[in-house]
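Grab a pencil and work through a few exercises with me. Try each task on your own before you read the solution.

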Amino acid sequence: MQMQWCGALRNLVPVLALGICCGIAADAQAQMTAFRMDDLDLRDPHVFVSFISCLDITDTPIIGFSINEQLQTRIQNDAATPQDGLLDLSNVFLFDPLDQGVASNNFASGSADCSAPLVGTQCSGFSASSLSGMASLLPSGSCLTPVAATTHNYSPAVTNATAPCFSSPNGTITIDLSGVPVALQDAQIAATFNGAPVTGTINGLMKGFLLESDADVTIVPMTFPLVGGQPLSQLLPGGDPPGANNANCAPHSDVDIHNGQRGWWFYLNFTAPVTPLNDDPFGAGFGDGFEG
């Protein structure tokens, strides 16, 4: 409504409109605090492939490839061919405004186009996911922890999001896991606020449930070494997609049961510094029921 009013004012009194409307935009931007994930690591489940023996490629590179190393490359670099001047993967969340003195804040998470290089990056083109609405803030305790009995004894272990912290609403999202789309139900993100005033978030935790039926039909692109062309479920402990000799090679199972259905709880840890977002928050659709 304010933007429409500004447009009408420009037609009538151009010079006056420029000053007033720029002031409105500046005030709106001043209230918004945006964060971009600059590090994201899969903690549970791990990814195992059969290559001479059964190998965990979550953190340890095999033939120059590991899941988390590839994630960091895409988050921190413009490594795609051809290069487009943008960091290859940008997960962004924001508060409008960020007010740690109240129990809930207007919140949105999603993706954006963020300039390369990583140092000095600025973002625009924000697209909201369903993890948007009102975030809960806590001055003490924990904002998000793994579901009981759904993690393995991997190292590093999953880090909890502890106070002072926020937790997002629940939603259904598709995350980009090193170029593989992973559809997560009952997903949520949370993190610890760092600094006063806040300069970023640490102890970030993203969780969500991947249905086995979705993992069975998610095929890893052929361009991936070792795992190209395989169903995602074949790479996860306990997975056994339809077909002969397709069971995952890990000696243990990470399969969980959620709402009576088989699948895997995914847990990823992240950090996210405050990052300039050049979009007008009036155009971000706060409170309009975002699509994932």
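## Exercise 1: Two prolines

Pro-45 sits in the loop between strand S2 (39-44) and strand S3 (48-51). Strands are DSSP runs of E with at least two residues, helices are runs of H or I with at least four, and both are numbered from the N terminus. Before you go on, note that this is a predicted model, where local features need pLDDT of at least 70, side-chain atom pairs count only at pLDDT 80 or more, and totals for chains, interfaces and linings use all residues. Residues are numbered from 1 along each chain as its sequence is written, and side-chain values use heavy atoms, with hydrogens and water left out.

Task: is the peptide bond from Asp-44 to Pro-45 cis or trans?

Solution. Step one: check omega, which is near 0° for this bond, and that makes the bond cis. For background, most peptide bonds are trans.

## Exercise 2: Phi angles

Solution. Now look at Ala-149, which isn't a glycine but has a positive phi of about 60°. Its place is the loop between S9 and S10. Ala-149 counts as exposed because its relative accessible area is 81% (buried is under 20%, exposed is over 50%, partly exposed is in between, with a 1.4 Å probe and protein chains only). Then take Asn-259, again not a glycine, with a positive phi of about 55°. Asn-259 is in the loop between S15 and strand S16 (261-273), and with 64% relative accessibility it is exposed.

## Exercise 3: Inside or outside?

Task: is Ser-233 buried or exposed, and is Ile-63 buried or exposed?

Solution. First find Ser-233, in the loop between helix H4 (212-217) and strand S15 (256-258). Its relative accessible area is 0%, so Ser-233 is buried. Next, list its contacts (heavy atoms within 4.5 Å): leaving out residues up to four places away in sequence, Ser-233 touches Ala-215, Asp-216, Gly-239, Asp-240, Pro-241 and Trp-264.

Finally, turn to Ile-63, in the loop between strand S4 (53-56) and helix H3 (67-76). Ile-63 has a relative accessible area of 56%, so it is exposed.
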